[in-house]
Amino acid sequence: MNNKKFLMVFCVVLFNIPSKAMHHENLLVSPDLENAINAEIRLESSQRDKFRNPKDTLSFFKISPTQTVVELAPGGGWYTEILAPYLKDHGQLIAAHYNPDQGDYFKRSRDNYDAKLASSEIYEKVKVVHLLESYGENGTADLEIGRAHV
């Protein structure tokens, strides 16, 4: 995909917008997204929701269960826990994670992520590719999402 640097800067800026600026009464949250956010598999991770505001963020982007979504540098998989079940039946989640061959930190991070994916069948359709390498034809992703650390 082109303009990767622009995309990363855009993600850094966008995900630093205070949640109140993104909260708007016209944002609709589908029941499927609400269920994915409140899923039992996220009990431990959901403690961060008050800081990361997944409902407001994903609603702001008008995410749909039929989209192809690229999660940039998914780290431990906080968004993956929401997006994998939400997109599993009709969409696709592509996790653009670190290349484990680029050093110890990247290998540990990727190994931990791969272990998470192996821990539940909910993740069986997640496609993992190396970050900053091609993950599809130009224009095939509907949404690219990442956290400010990217």
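Let me begin with Glu-81, which is found in helix H6. Helices here are DSSP runs of H or I with at least four residues, strands are runs of E with at least two, and both are numbered from the N terminus. Before going further: this is a predicted model, in which local features need pLDDT of at least 70 and side-chain atom pairs count only at pLDDT 80 or more, while totals for chains, interfaces and linings use all residues. Residues are numbered from 1 along each chain as its sequence is written, and side-chain values use heavy atoms, with hydrogens and water left out.

Is Glu-81 buried or exposed? Glu-81 counts as buried, at 4% relative accessibility. Buried means under 20% relative accessible area, exposed means over 50%, and partly exposed is in between, with a 1.4 Å probe and protein chains only. Setting aside neighbours within four places in sequence, Glu-81 is in contact with Ala-36, Ile-41, Arg-42, Ser-45, Lys-116 and Tyr-123. Contact means heavy atoms within 4.5 Å.

Nine of the ten residues of H6, which spans residues 78-87, are buried, so the helix is largely enclosed by the rest of the structure. The buried residues include Trp-78, Tyr-79, Ile-82 and Leu-87.

Arg-42, already named as a contact of Glu-81, lies over the face of Trp-78, at 5.3 Å from the ring centre. The charged end of Arg-52 also sits over the ring of Trp-78, 4.9 Å from its centre. The criterion is NZ of Lys or CZ of Arg within 6 Å of the ring centre and within 35 degrees of the ring normal.

Now the overall layout. The protein has seven helices and four strands, and from the N terminus on the elements run α-α-α-α-α-β-α-β-α-β-β. Of its 150 residues, 41% are buried. Take the contacts between residues at least 6 apart in sequence: 73% of them join residues at least 24 apart. The accessible surface comes to about 8,700 Å², and 50% of that belongs to carbon and sulfur atoms. Those areas come from the Shrake-Rupley method with a 1.4 Å probe, and for residues only the protein chains shown count as cover.

On to the strands. Strand E1, residues 68-72, is joined to E4 by four bridges, and the two run parallel. Strands pair if DSSP finds at least two bridges between them. Within this pairing, Val-70 stands opposite Glu-144 in E4. In a regular strand the side chains alternate between the two faces of the sheet. In E4, residues 143-146, both faces are covered: Leu-143 and Ile-145 are buried on one side, and Glu-144 and Gly-146 are buried on the other.

Gly-91 lies between H6 and strand E2, which covers 92-97. Gly-91 counts as partly exposed, at 25% relative accessibility. Gly-91 and Gln-67 are 24 residues apart in sequence, yet their C-alpha atoms are 4.8 Å apart in space. Not counting residues up to four places away, Gly-91 touches Pro-65, Thr-66 and Gln-67.

The other two have positive phi without being glycine. Asn-53 has phi near 50°, lies in the loop between helix H4 (49-52) and helix H5 (54-60), and is buried at 18%. Leu-132 has phi near 70°, lies in the loop between strand E3 (127-130) and E4, and is exposed at 51%.

Last, helix H7, residues 104-118, which holds Arg-110. Arg-110 counts as buried, at 9% relative accessibility. A polar atom of the Arg-110 side chain lies 2.9 Å from the backbone oxygen of Tyr-98. Beyond four places in sequence, the contacts of Arg-110 include His-97, Asn-99, Pro-100 and Val-128.

Tyr-98 also belongs to a cluster linked by ring pairs, together with Tyr-105 and Phe-106. Rings of Phe, Tyr and Trp (its six-membered ring) pair if their centres lie within 6.5 Å; planes under 30 degrees apart count as stacked, over 60 as edge-to-face and the rest as tilted. How many aromatic pairs does a search of the whole structure find? The search finds five. For Tyr-105 and Phe-106, the centres are 5.5 Å apart and the planes are at 75°, so that pair is edge-to-face. Both residues are partly exposed, Tyr-105 at 48% and Phe-106 at 26%.

That is where I will stop.

Definitions and conventions:
A polar contact is a pair of N or O atoms within 3.5 Å; within protein, one must be able to donate a hydrogen and the other to accept it, and residues adjacent in sequence count only if both atoms are side-chain atoms.
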